[in-house]
Amino acid sequence: MADTDEAAINLPAQDAGAHIEVDLSDETQDFRMLNSISFLTDGSQTSLPKRGEKDFEPNPTLFQADILSASRQAMHNALSYPRLHHPKHHVTGVYAPNGPTPPRSAQTIETTISEESQAKKPATTEVGVPAESCVYISAPKGQLFKTIGQADRWNRIWLLPEEALYLLERGSLDIRWPCSEVGDGDEDGTEDSGIPMSLQAAYAAFMGRSGLTSERFSVYTGLRRLGYTITRAPGWYNEEEGADVSESEQTSLMRQQGPGLAGIFGRFLQWLYRPDEPTTALGPVAGLGFHRSYEEIYRKLSIIPWYDPTTAPSPAPRTTPPYRVVFHIYKPSTPFKKSAPPVPDFRIAVVNARTHTTFPLLSQLGALLESTPLDPPTERMSRQLYMRLRHGYRNVILAVVDEGVVSYLRIADSAFGKEQIYKEKNVRGNKGPPRPRPKGR
Amino acid sequence: MDDPSLPIPISYIAGSYFLFSIEAVTYLRREHHICGVLSGTLPQIPQQNVFLGLPLKLMPEEARLLVDKGVACIVDEVKVQKDGMRALMEDDRRKYLRELESQGEHAMRVQTSRKDEQREKALKKLEEKKARKAAKAAEQQQQSQQSQPVVADNPSKEQEKEDDPIVDLFADHAPTQHPRTQTTTTTTTAPYGTSMGVTPATSHPPLPYTPSASEHLPRPAVPSSYPLFAHLHADGYYLSPGLRFGCQYLAYPGDPLRFHSHFLGVSAEWDEELDLMDIIAGGRLGTGVKKGFLVGGRGWMRGWMRIV
């Protein structure tokens, strides 16, 4: 009997497939797998190769040595694939080390106008694009620019450092050195010098520029590669005071509407049902008196104080630097407009695991969650208790980067106290413990 | 595969250590068991996260180990680029551009000839199919025999135009002329010029390989877990960052390309008090992912503790 029981335990449950989902990017994959993908028919190849077979440990056989050298050769070949720009799809950008400037032809004529616009919008430069932009493209073409870059009045698209670096790394953009940087005599020449920037030069030029750390860049490219649209969030700029005002303003607005009436009503009910705090020192916890229903007893028994995430403290606490929303993420399915970005699907804070080795404090996490707008469980979850708890009332994603390896954690503010289980008539609906979320990714 | 000349310059950019040269990456992996983490996008398949490309990001521990071995040196890449490009001579610049152009031309030639080959193959297949069909048709319908062979050659051309997007995915930027008429002159084709733009991975051709002494940086600072790293590495293990598995270093018995990791390495001070819960949690975690949990620290007697 015992044997069959054990066997039953070891047998995979029906939905075990979903549990043990192997993430290929978790471990280094054998680059020989890449050989099976023909790059010439890239478009038709939609699925990636399956996990390859690996050996347990090295042995001195020639066979194993051969496979290993084949793997290394495959990796070498894959990595040495050049970044080529077919003349038909060739997009050229020019590096502007001093930030956005109007084109030379317009510089003299439009000085008066640019001064005006500068006075109006201090956050952007005179050309109407973020001041951190550092690459401009005169003739943009292709799908990618639907979600990347910001156009100025002269129809040039300006890229932020991470956008420029991502496009170059992807082989979709050819960035040129400006005349001023290659000793062409002209000190402030922003024109194309014709010398392409290498990947190495681009990293040196863009990494570390305007808050772009390699951790943030890892997160940016990792999600971009998967098709998400990413924009900088106000929390990107550490030093700016009140940088996250815009988002907390939204929340405070919602707060006023949300719990206003219901909150007062709830407090009234509390007062009605709980005239004095129950203490165990003087008799039973439920208190003396008449109890006409179980509900009443349960309510009196709930003596553990809890916190309601819908009624947040009015002055939102300040977030501390790494625990701050730095990216807004949009799913590939979300229609995205550069001029009017919609409400983000996810908010991400990036943490460097090497400099922050401990889990954030409750106050740090609390402030981070407070800075995100209220996102209560949807109607759809009204019957699913565990879904509701998992979704929470506010949520944020922590991207923890350990030397280029990114792990994502979703942190949600759940309200266990709001889920009054004793009120639920149909308890059988939720049986079994909640399925644990796969850790990281 | 040429071995790069030593010491290999490691680029220090904004607090991280990068390698951009494929020769250096392959060499260090083969000879010194340094794998790093590939952090760039592969230009040939840019929409996935399983296979990544250059640059290779090195942990400070890896960079330190290589510097201590005398295999590599740390270079302030930002300074090198800025000063190097400013000091570039007119002749060097021209030479570099010429070189890039010839590379681009070569790439274009290779691609067009490959395309032609593919196209030829596809055409051949198509023709075979046609021929077979024609033969079949001829067998079945003897009376219409006289019209078939005449058309057999021409429709293949027409058909080919329709089939293009399916048969040849690169048809849109393939030569516009008919390939059969110009297989001998493959080079004179592309309607947009004869050279591809090239983005090189390294800045070595215009800039010198070994930068001047003023651009060298001191040895990288390493965390207190470095002794564990160095010890495991000396034992022949390949190490990679391990936060994803809840540890500091993932230890592989051989090249991670071919082997799964065996240990989850966590460093501790020799006389540090360990929380029993941590050990149990680590052990259980290790069992869950079929790896051993390993705690190590440097002691006054160079002793090592292993919990597996």
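Biologist: In what order do the four strands of the open sheet in chain B lie, and how do they pair?

Modeller: Strands count as paired when DSSP finds at least two bridges between them; strands (E, at least two residues) and helices (H or I, at least four) are DSSP runs numbered from the N terminus. Here the order is 8-9-10-11 in chain B, with mixed pairing. Strand 8 (238–241) and strand 11 (292–296) of chain B are at the edges with a single partner strand each, so one side of each has no neighbour in the sheet.

Biologist: What should I know about the model and its numbering?

Modeller: The model is predicted: local features need pLDDT of at least 70, side-chain atom pairs count only at pLDDT 80 or more, and totals for chains, interfaces and linings use all residues. Residues are numbered from 1 along each chain as its sequence is written, while chains are lettered from A and ligands numbered from 1 in the order written.

Biologist: Which way do strand 10 and strand 11 of chain B run, and how many bridges join them?

Modeller: Strand 10 (residues 263–267) and strand 11 of chain B are parallel, joined by five bridges. One of the pairs is G265(B) with L294(B).

Biologist: Is helix 8 of chain A buried or exposed?

Modeller: A residue is buried if 20 or more other C-beta atoms lie within 10 Å of its own, exposed if 12 or fewer, and partly exposed in between, with C-beta atoms placed from the backbone. In helix 8 (residues 199–206) of chain A, eight of the eight residues are buried, so the helix is largely enclosed by the rest of the structure. Just after helix 8 of chain A, G208(A) has a positive phi of about 85 degrees.
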